[in-house]
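Subject: The model for you to look at

Hi,

Here is the structure I promised to pass on. Please open it alongside this email and have a look.

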Amino acid sequence: MDYKRIQEKMDELKKREIPEEIRRKIEEDFEVDFTYDSLALSGSSLTKDEVRAILAALRKQNGGNK
């Protein structure tokens, strides 16, 4: 595949919009994974489900804002 064809594919992908619900889910999953991995590196024994629950509670407390 040549550079021009790759660039055309990239331009085509940039035109597509990700639905808000899917974008939000991707961001939340990333936030949970990142937080869980960071805590695990520092020795935390929290499970991923516990991290997800804590972050959800914080989001709710902050009115849905991060």
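Below is what turned up, going from the overall fold to single residues.

A word on conventions. This is a predicted model, where local features need pLDDT of at least 70, side-chain atom pairs count only at pLDDT 80 or more, and totals for chains, interfaces and linings use all residues. Residues are numbered from 1 along each chain as its sequence is written, and side-chain values use heavy atoms, with hydrogens and water left out.

The protein has three helices and zero strands, in the order α-α-α from the N terminus. Both element types are DSSP runs numbered from the N terminus: helices are H or I with at least four residues, strands are E with at least two.

As for overall dimensions, the C-alpha trace spans about 50 × 30 × 15 Å along its principal axes. The radius of gyration is 18 Å, whereas a compact globule of 66 residues would have one near 11 Å; this radius is taken over C-alpha atoms, and the globule rule is 2.2 Å times the number of residues to the power 0.38. Buried residues account for 6% of the 66 (buried means under 20% relative accessible area, exposed over 50%, partly exposed in between, with a 1.4 Å probe and protein chains only). The accessible surface comes to about 5900 Å², with 56% of that belonging to carbon and sulfur atoms (Shrake-Rupley method, 1.4 Å probe; for residues, only the protein chains shown count as cover).

Now the details. R59 sits in helix α3 (residues 48-61) and counts as buried because its relative accessibility is 15%. Its side chain makes a polar contact with the side chain of E31 at 2.9 Å (a pair of N or O atoms within 3.5 Å; within protein, one must be able to donate a hydrogen and the other to accept it, and residues adjacent in sequence count only if both atoms are side-chain atoms).

A search of the whole structure finds one aromatic pair. The ring centres of F30 and F34 are 5.9 Å apart and the planes lie at 25°, so this pair is stacked (rings of Phe, Tyr and Trp, the last by its six-membered ring, pair with centres within 6.5 Å; planes under 30 degrees apart are stacked, over 60 edge-to-face, the rest tilted). F30 and F34 are four residues apart in helix α2 (residues 20-41), so about one helical turn separates them. Both F30 and F34 are exposed.

Finally, I6 lies in helix α1 (residues 3-15) and, at 39% relative accessibility, counts as partly exposed.

Happy browsing!
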